[in-house]
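I opened this notebook to record what I looked up in one structure. The entries follow the order in which I worked.

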Amino acid sequence: MNLKQLSELLQVSQTTVSRALNGYPEVAEPTRRRVLEAAQRHGYKPNSNARKLATGRAGSIGYVLPVGRNVDLDPHFVEFLSGLGEHALTREVDLSLTPAPYERESDAYRRIAATRSVDGIYLSSMRNDEQRIALVRDLGLPFVAHGRALMPAEGYAFVDIDNEGAFHDAARLLLQLGHTRLAFINGDTDFAFAVHRLDGVTRAMAAHGLPPGSLRHHSAAMNADNGYRLAMVLFRDTDAATRPTGVLSASMFMTLGIVRAFNQLGLRMPRDVSVITHDDVFPFLKPESFTVPLSTTRSSIRAAGARICERLVNIITGAESGDVQEIWPVELIVRASTGPAPAERKAGRRGSPQAAE
């Protein structure tokens, strides 16, 4: 079935059918749904070259993929990309990846703008002082960011989670449970999300009268090896009187390494140390599957990928305008890996016969 036949079947103009299929905002929503349902039912697929000529669009969105010896494409990126790809499929939009090393990243954006190979791009892994925002704006590339930078903090569309609020609430829970010796195994603080998380932890500590310097803070790329290494630094050569009793972890992958270190050192959760980690909701790594189910701050990175795609397509088609800044709340889910600080637990045993473990 071609465009003319589809328009005759629906008894609407070919222009209306084309605009409905390509997401123009002036098409009424009932008409858009009717056209899309008919196109799907009858197997109509627009000719990509004809659509590009008619609309001036490439029918794809882009991403500059960092490559190089020091770049790891971790499961966070893969899960995000899965969500983005699933939504792109529903909008009949392709995804174009442009590989580039960090030092030649700006050249990649200029090449994309010059060739008009995509209709818009998304930015991720937002750095503290983000240079790409000004660049893509100057190049006239529609874009949306996954995350937000410290500078500039405003003036661009983004989707982010409340990293500061999530880790403030997690740290506050540990403090309420009597933990005053806290450690934070954080992501790389060259990136804004890790700085926001650290701000949340220190804000909670300040509210409980603890100075920022009392926090044992380490930052690194979020993988199991770094989690293991940093947990060993914190716990291997310290005695029970000085080591942290509460640990915050930036990711489930770091926590895999942290738990491995605890097992080697004979530390048990939550008897010796309480743990709260961030869960990006990976289908293959669930907090309930650990020997001791993990308390988590939870927000789906796959859902974020889908939302980024949805908003970017809306920006491209004109259905969304303005620099809308979207910040998602984060759930705090308490499971068996958190409990009272050891000193609090002992005091409870002395004070009440029912408080025994």
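The entries below begin with the confidence of the model and then turn to its parts.

**Entry 1: confidence**

I noted at the outset that this is a predicted model. I looked up the pLDDT, the predictor's confidence in each residue, and found a chain average of 90. I also recorded that 92% of the residues score at least 70. Over residues 349–357 the pLDDT stays under 50, and the model has six contacts beyond four places in sequence for this stretch. Where pLDDT is low, predicted coordinates should not be read in detail.

**Entry 2: the six-stranded sheet**

I traced an open sheet of six strands in the order E7-E6-E8-E9-E10-E12 and noted that its pairing is mixed. Its edge strands are E7 (216–219) and E12 (331–333), each of which pairs on one side only. In general, strands of a sheet pair through backbone hydrogen bonds, either parallel or antiparallel.

Helix H9 lies across E6, E7, E8 (246–249) and E9 (274–279), and H9 runs at about 170° to E6.

**Entry 3: the nonpolar cores**

I looked up the largest nonpolar core and recorded 39 residues. Tyr 122, Val 201 and Leu 248 have the most contacts inside it. Among the elements that give two or more residues to this core are E1, helix H5 (75–90), helix H8 (163–176) and H9 (192–207). A second, separate core has 27 residues, including Ile 258, Ala 261, Leu 267 and Phe 282.

Leaving aside neighbours within four places in sequence, the contacts of Leu 248 include Phe 167, Leu 174, Phe 184, Val 201 and Ile 276.

**Entry 4: helix H6**

Which residues of helix H6 are buried? In H6 (residues 105–115), I found Glu 105, Ala 108, Tyr 109 and Ile 112 to be buried. Why do the buried residues line one face of the helix? Seen down the axis of H6, they fall within an arc of 95°, so they line one face. I then looked up what these residues pack against: strands E1 (60–66), E2 (94–100) and E3 (120–123), and helix H7 (132–138). Just after H6, I noted a positive phi of about 50° at Arg 116.

**Entry 5: two single residues**

Is Tyr 102 buried or exposed? Its relative accessible area is 56%, so Tyr 102 counts as exposed. I located Tyr 102 in the loop between E2 and H6. Leaving aside neighbours within four places in sequence, Tyr 102 is in contact with Val 67 and Arg 127. I also looked up Tyr 102 and Gly 68, which are 34 residues apart in sequence and 7.9 Å apart in space, C-alpha to C-alpha.

Ser 7 lies in helix H1 (residues 3–10). With a relative accessible area of 5%, Ser 7 is buried. Not counting residues up to four places away in sequence, I found that Ser 7 touches Val 12, Ser 13, Gln 14 and Val 17.

Definitions and conventions:
Residues numbered from 1 in each chain as written. Predicted model: local features only at pLDDT ≥ 70, side-chain atom pairs only at ≥ 80, totals over all residues. Heavy atoms only, no water. Buried < 20%, exposed > 50% of the residue type's maximum accessible area, 1.4 Å probe, protein only. Helix = DSSP H or I, 4+ residues; strand = E, 2+ residues; numbered from the N terminus. Arc of directions from axis to C-beta. Contact = heavy atoms within 4.5 Å. Core = buried A, V, L, I, M, F, W, Y, C linked by side-chain atoms within 4.5 Å. pLDDT = per-residue confidence, 0-100. Pairing = 2+ DSSP bridges. Axes fitted to C-alpha atoms, helices over the stretch in contact; angles between N-to-C directions.
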